[in-house]
Amino acid sequence: MTRTIAVVGATGAQGGGLARAILNDPQERFALRALTRRPDSDPARALAALGADVVSADLDQPDTLRAAFDGADGAFCVTNFWEHMDPAREKVQARNQAEAASAAGVGHVIWSTLEDTRERVPLSDDRMPTLMGEYKVPHFDAKGESDAVFRELTPATLVRASFYWDNLIHFGMGPRREGGTAYFSLPMGNARLPGIAAEDIGRCVFGIFVEGEPLIGETIGLAGGQPTGDQMAAAMSDALGEEVVYRAVPFDVYRGLGFPGAEDLGNMFQYYHDFEEEFCAARPVERSRELNPRLQSFPRWLEANAERIEIG
């Protein structure tokens, strides 16, 4: 019988990539149960038209999750910090998913998580500011703190993603023109930045479900490449047809830019930078490619997406 995979956030970035990987699998190894708060939305209707079982579920309503996971063989669990920017709420949403998957007896849970940065930068460490009283990088730390819940309650594989190449399109991180020059600015110095196309995260998760039970208990980091800022700017120059210059921004300057989440992201980039070797080693590109043979490097991703990047 075809195994059913329940996918949280099936119309979002990571969940959407997994949903499409399941639906486009020529071997039809899994059936897709697409979880969404808005089953009547156009993206949900599109999944249904392709054969998905679209189910209403809300991460803040545990009963809906329990019903949505019931009878599923596997589940992909994810939270979206940037929707509400509340780490306490994110931890509740993570626990709701773990408890629902446990109650439903799901055989393989994949939890999309990130490092708890406080394990390397304790709150007493003043190299970066403490935020919200108890975090260094809130959108990392809340997920990392929730790992223990999934490990305790479910047969879980933990997946750690990396910087989305797609942030250059959707998150305002693309090049900006100043005085006739296009600058790509990040607080990364000369350090490498592991990154990945959002859709490739879903494809890698699909590969984990294919490998199945042997990966339960493992933590797997994902990346499509580990370029420096200069290398990213050079690749953008080639793809966009004009010179893009990398500009390394000081951490404190980035934290002070004033947009929502600037301090969180400034601390995140400092964590990338200060723990470059550890962060990169935890995201081997070769392992990601084993899981997803279609894995895109940054230049390859640019080939398909350069027209969507606007120089601000």
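Guide: A salt bridge is a side-chain nitrogen of Lys or Arg within 4 Å of a carboxyl oxygen of Asp or Glu. This is a predicted model, where local features need pLDDT of at least 70, side-chain atom pairs count only at pLDDT 80 or more, and totals for chains, interfaces and linings use all residues. Residues are numbered from 1 along each chain as its sequence is written, and side-chain values use heavy atoms, with hydrogens and water left out.

Visitor: Which residues are linked in a network of salt bridges?

Guide: Side chains of opposite charge can pair when their charged atoms come close. Here K91, D116, R118, D141 and E145 form such a network. Within it, E145 and K91 meet at 3.2 Å, N to O. E145 is in helix α6 (residues 138-153) and K91 in helix α5, 54 residues apart; helices are DSSP runs of H or I, at least four residues, and strands are runs of E, at least two, numbered from the N terminus.

Visitor: How many salt bridges does a search of the whole structure find?

Guide: The search gives 25. One of them joins R255 and D252 at 2.7 Å, N to O. Both residues lie in helix α10, three residues apart, about one turn of the helix.

Visitor: How many disulfides does the rule count?

Guide: A disulfide is a covalent bond between the sulfur atoms of two cysteines. The rule asks for a pair of cysteine sulfur atoms within 2.5 Å, and the count is zero. For C204, the closest cysteine sulfur is in C280, 16 Å away, so a bond is ruled out by distance. C204 is buried, at 0% relative accessibility, and C280 is buried at 4%.

Visitor: Which residues touch the most other members of the largest nonpolar core?

Guide: A nonpolar core is a set of buried Ala, Val, Leu, Ile, Met, Phe, Trp, Tyr and Cys residues joined through side-chain atoms within 4.5 Å. In the largest core, of 55 residues, F69 and F150 touch the most other members. Helix α8 (residues 198-211) gives the largest share, six residues. Another core, apart from this one, has 35 residues, including M128 and Y254.

Visitor: Where does Q97 lie?

Guide: Q97 is in helix α5 (residues 87-104). Q97 counts as buried because its relative accessibility is 0%. Contact means heavy atoms within 4.5 Å; leaving aside neighbours within four places in sequence, Q97 has contacts that include F69 and F150.

Technical notes:
Buried means under 20% relative accessible area, exposed over 50%, partly exposed in between (1.4 Å probe, protein chains only).
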